[in-house]
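Trainee: I would like to go through this model with you. Can we start at the contact between the chains?

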Amino acid sequence: MALKGNLRDFSINQLLNLINLAQKTGTLVVEGPSDSAWVSFREGKLAYSKMGSEEDDLATVLHRSRKLSKSHFNTIKARAANMSDKELGLLLINANYLSQEEILDSLRSEFVGILHRIFTWVEGNFRFEDGVMPSDGKITLQIGLENIIIDGTRRLREWEQLQDEIPSLDIALRFTDRPGADIRKVNLSVEEWRVVSYIDPKNTIKQIADTIKMNDLEIRRVVYGLLQAGLVELVRPEGVVFERKKPSFPVTDAEEQKSLVNRIINRIRSL
Amino acid sequence: MQTVKMVVTGPFNSGKTEFIQTVSEIDVVATERKISSEAERIKETTTVAMDFGRITVDDNLVLYLFGTPGQKRFDFMWEILSEGMLGFIVMVDSARPETFREARSILETFRAYAPTPYVVAANKQDLDDAWSVDDMRIALRLDPEIKFLPCVALEKESVKGVLLELLYSILAEMEAGEF
């Protein structure tokens with residue numbers, strides 16, 4: 001029986017648990033709300049992962065993890081475009097540019113990071129392709145799933161709570177005009193400052209997150225902190241016209257509508 | 001016969017059914033079921049579709065009160081229930097601060113569905129461990145201009161007070177030409 005279904009019925013957490021316990025080898029393909037992920041496992045351990053919309057070659061991963069400078073990255077992309085990841089890895093190690101441990105650390109962080117991101121996907125479809133693994137040129141790892149499952153479960157719980165607090169990212173933020181609230185006197189982290197610098201009723205939270213490349217969980221976490229501190233409040237984005245669902249009155253004339261409400265008021269008073 | 005409706009919403013076990021029952025002239029048409037979730041086993045039954053109460057205003061006009069299902073898995077009903085309502089009441093259980101976050105979320109959701117007038121009722125104010133309305137206002141992050149009213153859903157005068165405040169808000173918006 002093919003292992004495929006809907007994330008509403010079977011969560012990422014449950015899937016990882018199954019793959020871990022059954023020591024499966026193959027690739028889990030998850031088609032989420034706005035992206036797809038390919039996560040490969042060997043005998044129940046995480047071997048490789050890739051987000052559909054993102055480059056997954058070794059040079060890009062090392063550049064993203066700041067192990068390669070921009071100029072080195074551009075040089076490698078230009079001159080070693082036909083090299084496999086394994087060949088490039090060996091080249092970098094032999095040239096004493098990076099150690100094996102540094103390369104493996106970057107890949108581990110990339111693969112686990114992708115799993116953390118898909119943990120919060122609650123909509124979408126999945127299928128497990130038995131025995132399918134990345135091409136031979138890719139560097140695969142063997143990362144136990146137990147810690148990832150525990151950490152992912154925590155993140156999912158936190159994400160659910162944050163989603164309750166901030167149900168939509170299509171709303172904007174503005175600074176409160178509460179007396180005594182002065183953002184300059186507050187100790188903010190670098191991440192918080194990055195968000196704060198874009199706070200404007202014209203920018204939705206989603207737009208801010210996209211601009212500073214934060215995922216849903218990260219932006220919600222920062223916004224929640226700012227909300228709790230009373231520094232910002234949620235507002236409708238400027239210029240966005242919301243469809244107002246009209247109250248349904250049995251009469252259309254404004255005076256008749258007022259008369260109707262007054263009749264209800266009198267009736268309630270007399271109860 | 002002309003009909004209008006108002007919606008009573010709020011988290012699970014916040015007192016929506018009791019609120020409607022207290023002023024309805026008919027037995028509330030409650031579609032309640034035994035609770036199946038351990039986490040929500042605070043009371044024996046819960047509303048799975050909607051409560052439905054009626055107040056006959058006069059020979060030509062009837063006010064219907066609809067209660068929304070409290071459990072989150074039935075929130076698909078909310079948008080349907082909010083269609084055409086004159087206003088809505090958000091009930092909050094004053095003695096269960098763990099539900100405040102959800103109450104806030106429900107309030108935002110209903111405001112997005114239909115930005116009609118609303119009031120928030122701090123229910124179960126008669127309980128010893130009820131939070132004060134002032135503290136709840138801060139916890140719920142309600143602006144000072146939002147009507148936040150103490151309430152005991154089992155007492156008719158208290159329920160009448162909440163309904164009247166909502167109707168005054170509706171009337172005020174009509175006067176201001178915002179309807």
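Mentor: The contact takes 21 residues from chain A and 31 residues from chain B. Contact means C-beta atoms, placed from the backbone, within 7 Å. This is a predicted model: local features need pLDDT of at least 70, side-chain atom pairs count only at pLDDT 80 or more, and totals for chains, interfaces and linings use all residues. Residues are numbered from 1 along each chain as its sequence is written, with chains lettered from A and ligands numbered from 1 in the order written.

Trainee: Which element gives the largest share of the side of chain A that touches chain B?

Mentor: Two elements of chain A give two or more residues to that side: helix H6 (146-165) and helix H10 (254-270). Helices (H or I, at least four residues) and strands (E, at least two) are DSSP runs, numbered from the N terminus. The largest share, 11 residues, comes from H10(A).

Trainee: Is Gly44(A) buried, partly exposed or exposed?

Mentor: Gly44(A) sits in the loop between strands E3 (36-42) and E4 (45-51) of chain A. Buried takes 20 or more other C-beta atoms within 10 Å of a residue's own, exposed 12 or fewer, and partly exposed lies in between; C-beta atoms are placed from the backbone. Gly44(A) has 17 within 10 Å, so it is partly exposed.

Trainee: What separates the C-alpha atoms of Gly44(A) and Lys24(A)?

Mentor: Leaving out residues up to four places away in sequence, Gly44(A) touches Lys24(A), Leu145(A) and Ile19(A), among others. Gly44(A) and Lys24(A) are 20 residues apart along the chain. Their C-alpha separation is 4.8 Å.

Definitions and conventions
Two residues are in contact if their C-beta atoms, placed from the backbone, lie within 7 Å.
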